[in-house]
Amino acid sequence: TDPDSRLLRIRGGYTIGYNAQAMVSPLKPGGMLITAADVTNSPTDHPHLLPMIEHAASNMAGTGEEVGVTLADAGYHSGPNLASCALAGHRVLMPEAQSSKRKNTYHRTNFTHMEEQDAYLCPEGHLLSFSGLQNRPEKGYQSRRYRAESEVCAACPAFGVCTNSTKGRVMYVTPNESLLREHRVLMEREEARVLYRMRKQTVEPVFGVIKAVLGFRRFSLRGLDKVTGEWDLVALAYNCKRLHRLKLEAAA
């Protein structure tokens, strides 16, 4: 009954609804304050990372506080997001959505780039040579295609595990591959791991309070504009509750 809503993937299946976004920042006395909130009907989070960071920075302008490191969940991870955040000077930590798949020996991230040859070396020591470009109009860029020789793959002991293709293993590399690999190395550092674990203490408790304490688990209105207004009111209610609590604690 709501033409603005979309089919969204959620834990355990799918639902018809909206994609609510929120960014929080720590308050010096304690607790969190919602610094940016928005609602979209996009099924993915990718397009919203940079707008949310800049929305929060705009709301915090004049407070004397600067946006530090943004801790985003895996739903925001993408090469274009890393590129746009780097260009805008924003520091971001976010895990890869497919980090568990990288444990596979023959996952594409375990192939080594040979810069001088413009080729990739597979875990078995075979080369995947550049074989052309592939247009990705839905992504707005071209991917570079690398392919191993079919005879080499067919004779490899990893055939059937690495690839089942009789044409040989193929890899598609995006323009932001170097940024993805650099961020992967960054996320494996202990200081980044320690910092990212703080996300469990920042935005997740805020969502918990909104759902369990304020009792907000679903939108009551229809239409993107009305739903956005409803979410803004929820964020405002949370912030008022937090600030009131801090006032009582200061007076005690």
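Which residues of helix α2 (residues 79–88) are buried?

Guide: The model is a predicted one. In helix α2, which covers residues 79–88, the buried residues are Gly-79, Asn-81, Leu-82 and Cys-85. Viewed down the axis of α2, these buried residues lie within an arc of 165 degrees, and they therefore line one face of the helix. Their packing partners are three other elements: α1 (49–60), β6 (91–93) and α4 (177–187).

After α2 comes Gly-89, which has a positive phi, near 80 degrees.

The account now turns to the aromatic rings. The structure contains six aromatic pairs. One of them joins Phe-130 and Tyr-146: the ring centres are 5.7 Å apart and the planes stand at 65 degrees, and because an angle over 60 degrees counts as edge-to-face, the pair falls in that class. Phe-130 belongs to strand β9 (residues 127–136) and Tyr-146 to strand β10 (residues 141–148), so the pair ties together parts that are 16 residues apart in sequence. The two partners can also be described by their accessibility. Phe-130 is partly exposed, at a relative accessible area of 36%, whereas Tyr-146 has a relative accessibility of 2% and counts as buried.

A further pair is formed by Phe-216 and Trp-231, and this one is tilted, with 6.1 Å from centre to centre and 40 degrees between the planes. Phe-216 is located in the loop between α6 (203–213) and α7 (224–251), while Trp-231 is located in helix α7, so this pair ties together parts that are 15 residues apart in sequence. Phe-216 is buried, with a relative accessible area of 16%, and Trp-231 is likewise buried, with a value of 5%. Both residues also belong to a cluster, in which ring pairs link Tyr-18, Phe-216, Phe-219 and Trp-231.

Phe-130 has one more contact to note, this time with a charged side chain. Arg-144 lies over the face of the Phe-130 ring, at 4.0 Å from the ring centre. The ring of Phe-130 is thus described both by its edge-to-face pairing with Tyr-146 and by the position of Arg-144 over its face.

Technical notes
Residues numbered from 1 in each chain as written. Predicted model: local features only at pLDDT ≥ 70, side-chain atom pairs only at ≥ 80, totals over all residues. Heavy atoms only, no water. Buried < 20%, exposed > 50% of the residue type's maximum accessible area, 1.4 Å probe, protein only. Helix = DSSP H or I, 4+ residues; strand = E, 2+ residues; numbered from the N terminus. Arc of directions from axis to C-beta. Contact = heavy atoms within 4.5 Å. Phe/Tyr/Trp six-rings, centres within 6.5 Å; stacked < 30°, edge-to-face > 60°. Lys NZ or Arg CZ within 6 Å of the ring centre and 35° of its normal.
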